Each structure stands twice: as structure tokens, then as C-alpha cells.
Amino acid sequence: MEPRFNLYANDVAAKFNKRLVTAARVIDESTLPKATQELVKIRSSQINGCGMCLDMHTKDAAHAGETPVRLAMIAAWRESTVFTDAERAALALTEEGTRLADGRGGITEDTWAQVRKHYDEDQIGALISLVATINAWNRLNVIAGLAGGEYVPGQW
């Protein structure tokens, strides 16, 4: 499947992507657990239908030791027992932050209370930034028509 637009050959898009990668390093270097970071990236990508990001983040998570059961259960995290309370809070924030335009009222007070309970200020800053960043990547890839399937763990 050929993408409809090459984000890396276009000068403006390539410069933007480079800056987005640099911004994401701040999150990557934070104390927000790496497993939580991948769960957030995967859940947002599922909601947004980003095959490229799903391919990348499920493979990276598996390569880092995430279990097949947990990877399979991310979309049904509310109906599973394999995630910690902290991870559940991050997944709830991810869903609500990703679905802002769905008329669901944004971030609920219950979700925010759970996030505050399980994460410190720096981790919350990283979590909010991560939700925003992965949503930007999802939109870039979906709009440009980038498909998943060819990613090799650690490629980028």
C-alpha cells in the first residue's frame, strides 16, 4: 500500500516530524514507566485507527518484554485483570484525552483523581504530553496514509 503523502520527503513535514521526535524525548526520559508509555501509545492508536503506530508500538512493547496477554487486552482494559490501578488510570486518561471531540465531556473528575493518586507531578506532565504527542503522530500517519506491517522493533 503506497502512502498518499511522504511525510519524510516534504521539507515542512520532515522538519515538523523531527521536532516532534525531539519533543517526545522529554517524555521518554521521564520517570513515567516505559510499559505505561507503550500502553498509552497503543490505546490511543487503537482509538484513532493508526496502523503504523499500532505496528510500531505493539512490536516495541513486545520486544521490551510486554506479554502477549496484556497486549491483546489493551482495547478491553476495563474488562481485564492484567493492568495495575496506575496503568488503568493512564488508560482512562488516554481514552478521554483522545476522544475530546466525541462529546463525552473531556477528562472526568474521577479519572483525574485516579491519575493524581498514582502519578507525581512530573509523571502527570509526561502523561499529558504523551497523550498529546501520540495523537499528533496518529493523525499525521492516518492523514498521510501510512500503513502498518513493515516496522522492525527499534527501527526509529
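In this predicted model, P3 makes contacts with A144, G145 and L146, leaving aside its neighbours within four places in sequence. P3 sits in the segment before α1, and its C-alpha atom is separated by 4.6 Å from that of G145, 142 residues apart along the chain. P3 is also one of the residues closest to the centre of the second largest pocket.

- P3 has a relative accessible area of 31%, so it is classed as partly exposed.
- L7 also belongs to the segment before α1.
- L7 is classed as buried because its relative accessible area is 6%, under the 20% limit.
- The C-alpha atoms of L7 and A144 are 7.1 Å apart in space, while the two residues are 137 apart in sequence.
- L146 lies in the segment after α7.
- Beyond residues up to four places away in sequence, L146 touches P3, L7, M52 and N141.

**Second largest pocket**

- The volume of the second largest pocket is about 290 Å³.
- It is lined by 16 residues, and those closest to its centre are P3, M52, L146, A147 and E150.
- Among these central residues are P3, M52 and L146, and L146 touches both P3 and M52.
- The lining of the second largest pocket divides by class into 10 nonpolar, four polar and two charged residues.

**Largest pocket**

- The largest pocket has a volume of about 840 Å³.
- Its lining has 30 residues, with K41, M56, H57, D60 and W156 nearest the centre.
- Two or more lining residues come from each of α1 (11-28), α2 (34-48), α3 (51-63) and α7 (121-144).
- The most are given by α3, with seven residues.
- The lining of the largest pocket comprises 16 nonpolar, seven polar and seven charged residues.

- E38 is located in helix α2.
- E38 has 16% relative accessibility and therefore counts as buried.
- The contacts of E38, not counting residues up to four places away in sequence, are H57, D60 and A61; H57 and D60 are among the residues nearest the centre of the largest pocket.
- S45 is likewise found in helix α2.
- S45 counts as buried because its relative accessibility is 0%.
- A polar atom of the S45 side chain lies 2.7 Å from the backbone oxygen of K41, and K41 is one of the residues nearest the centre of the largest pocket.
- With residues up to four places away in sequence left out, S45 touches C50, C53, L54, I134 and N138.
- One of these contacts, N138, is 93 residues from S45 in sequence and 6.2 Å from S45 in space, C-alpha to C-alpha.

**Annotated span and S80**

- An unreviewed UniProt entry places the feature "domain: Carboxymuconolactone decarboxylase-like" at residues 26-96.
- Residues 26-96 are 69% helix and 0% strand, and the C-alpha atoms at the ends of the span lie 23 Å apart.
- S80 is in the loop between α4 (68-73) and α5 (85-98).
- S80 is classed as buried because its relative accessibility is 8%.
- The side chain of S80 has a polar atom 3.0 Å from the backbone oxygen of W77.
- Leaving aside neighbours within four places in sequence, S80 is in contact with M73 and R88.

Key:
Residues numbered from 1 in each chain as written. Predicted model: local features only at pLDDT ≥ 70, side-chain atom pairs only at ≥ 80, totals over all residues. Heavy atoms only, no water. 1 Å grid on protein atoms, 1.4 Å probe; cavity = no way out; pocket = protein on both sides within 12 Å on 5 of 7 lines; lining within 4 Å. Points joined across faces, edges and corners; volume = space filled by probe spheres on them. Helix = DSSP H or I, 4+ residues; strand = E, 2+ residues; numbered from the N terminus. Nonpolar A, V, L, I, M, F, W, Y, C, P; charged D, E, K, R; others polar. Buried < 20%, exposed > 50% of the residue type's maximum accessible area, 1.4 Å probe, protein only. Polar contact = N/O pair within 3.5 Å; in protein donor to acceptor, adjacent residues only side chain to side chain. Contact = heavy atoms within 4.5 Å. UniProt positions renumbered as here; feature names shortened; annotations may be inferred.
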